[in-house]
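Opening the notebook on this one. I want to look up some salt bridges, a helix and a pocket, and jot down what turns up.

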Amino acid sequence: MESLLSIEAVLAQGQESPGARPLIPGQATEGRGGGQAGRVEERDLTFDGFRYTCRIVHQDSPLTEPVLVLGGSSQDRNSWVRHEKWLSPLGQVITVDLPGYGTADFLPATYGVDFLAAALRHLLTELGVERVNLVAACYGGSLALRFAQNCPGMVARLMLVGMTTRIPPDYAAAMKRWSVMIDRGETEIIARELADHFMSPPGTGRVRKHAAVSRLVYQQIAGQDPEQLRKSAEHNTRLMRHDWYRPGPVPAVPSLVVTGEHDTLCTPAMGREVAAELPEARFLTITETDHLAPVERIADFADLVARFCTDRPLDGLAYCSEPETYGTAVAPR
């Protein structure tokens, strides 16, 4: 629960957007409490000998397919609890600690993205879910794309946040350095460098809750226990050993690629490159945010997810840019 409490502390330092709109017709305005989350269930599952855990918020009267949220490498299934009150009125909400992450079993780096995509298929099969709205951020985006390529019939809609087709060279170099530093126990230095990578540098542009979120990232990394550090080091090795992005057919489903307006890790230009690789995708930026837009503007981000997953218009929203259309099936711009 530490991550949830830390996020609540961050949110206490600022209010949600005063001009927020209802998520769905008839739902309370965002800044006034959102919807009511349904019954919560946690299940331990095993795939190929590795135990993992999922969190499910049930919804008896869904408006759309279940929403499966895949976070970044520093997030776990509880990192999205604050979003649930906004998303659960749409339908079932699923988050997961896959093998190698969160409280799941340690996963050797010999197992790559394809294995984790297969674990996702196992998860949905065990839950009896045929198709999902797949919402994925950063490293979760790499996994989501691979899952969509390997299991195209199980994806109803695809939303990628802070995603790129390539790991930035400076980040790849830093990962090699961090692997050595973890062995030395130099976690505070790693935490500061990670926070600097995730957050836009001062002077880039206004980012909501910039200082508070930066402290949150630092505290979460610096406070990792030995098992978490072991998983972090193995995650870095996994990234260097396996393909982050593999070109190939992606199902022609409604797709949306999103970055923070001031994201300097996975820049808007990189997001547009991702959108161009999909059959047809809309691209937009969330204003006054960087790589951690889902935390910096929680209510607005949840509103965007809800609109996308229920096929509502994305034009004219106060918190993001106007949508642009890209894709392999779209005429050159």
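This is a predicted model: local features need pLDDT of at least 70, side-chain atom pairs count only at pLDDT 80 or more; totals for chains, interfaces and linings use all residues.

Started with glutamate 324, which makes a salt bridge with arginine 272; their closest N and O atoms are 2.9 Å apart. I checked where the two sit: glutamate 324 is in strand 9 (residues 324–326) and arginine 272 is in helix 9 (residues 268–277), so this pair ties together parts 52 residues apart in sequence. Then burial. Glutamate 324 has 18% relative accessibility and counts as buried, because the cut-off for buried is under 20%. Arginine 272 comes out partly exposed, at 27%.

Next pair: arginine 297 and aspartate 300. They form a salt bridge too, with the closest N and O atoms 2.8 Å apart. Is arginine 297 buried or exposed? I looked it up, and it is buried, with a relative accessible area of 6%. Aspartate 300 is also buried, at 2% relative accessibility.

I get a relative accessible area of 43% for arginine 230, which makes it partly exposed. Glutamate 227 is partly exposed as well, at 33%.

How many salt bridges does the structure hold? I have 20 down for the total. I also found a network of salt bridges that links Glu42, Arg55, Arg77, Glu84 and Asp97.

Stayed on helix 8 for another residue. Asparagine 236 is found in this helix, and it is buried, with a relative accessible area of 7%. What does asparagine 236 touch, leaving aside its neighbours within four places in sequence? I wrote down Met175, Trp178 and Ser179 as its contacts.

Moved on to the largest pocket, whose volume is about 740 Å³. Its lining counts 32 residues, and the closest to the centre are Ser73, Ser74, Gln220, Gln224 and Gln228. I asked which helices supply at least two lining residues each. The list is helix 1 (2–11), helix 5 (169–184), helix 6 (187–198), helix 7 (210–222) and helix 8 (226–241). Helix 8 gives the most, with six residues. Sorting the lining by class, I get 17 polar, nine nonpolar and six charged residues.

Last stop was helix 4. I ran a length check on residues 139–150: at 1.5 Å a residue, the 12 residues should span 16 Å, and the end C-alpha atoms are 17 Å apart, which agrees. Then I looked at burial again: 11 of the 12 residues are buried, so helix 4 is largely enclosed by the rest of the structure. The buried ones include Tyr139, Gly140, Gly141, Arg146, Phe147 and Gln149. What do the buried residues of helix 4 pack against? I noted strand 3 (67–70), helix 3 (113–127), strand 5 (132–137), strand 6 (155–161) and helix 8.

Definitions and conventions. Residues are numbered from 1 along each chain as its sequence is written. Side-chain values use heavy atoms; hydrogens and water are left out. On a 1 Å grid over the protein atoms alone, a cavity is a set of points where a 1.4 Å probe fits but cannot get out, and a pocket is an open set with protein on both sides within 12 Å along at least five of seven lines; lining residues have an atom within 4 Å of a point. Grid points are joined across faces, edges and corners, and a volume is the space filled by probe spheres set on the points. Helices (H or I, at least four residues) and strands (E, at least two) are DSSP runs, numbered from the N terminus. Ala, Val, Leu, Ile, Met, Phe, Trp, Tyr, Cys and Pro count as nonpolar, Asp, Glu, Lys and Arg as charged, and the others, Gly among them, as polar. The expected span of a helix is 1.5 Å times one less than its number of residues. Buried means under 20% relative accessible area, exposed over 50%, partly exposed in between (1.4 Å probe, protein chains only). Contact means heavy atoms within 4.5 Å. A salt bridge is a side-chain nitrogen of Lys or Arg within 4 Å of a carboxyl oxygen of Asp or Glu.
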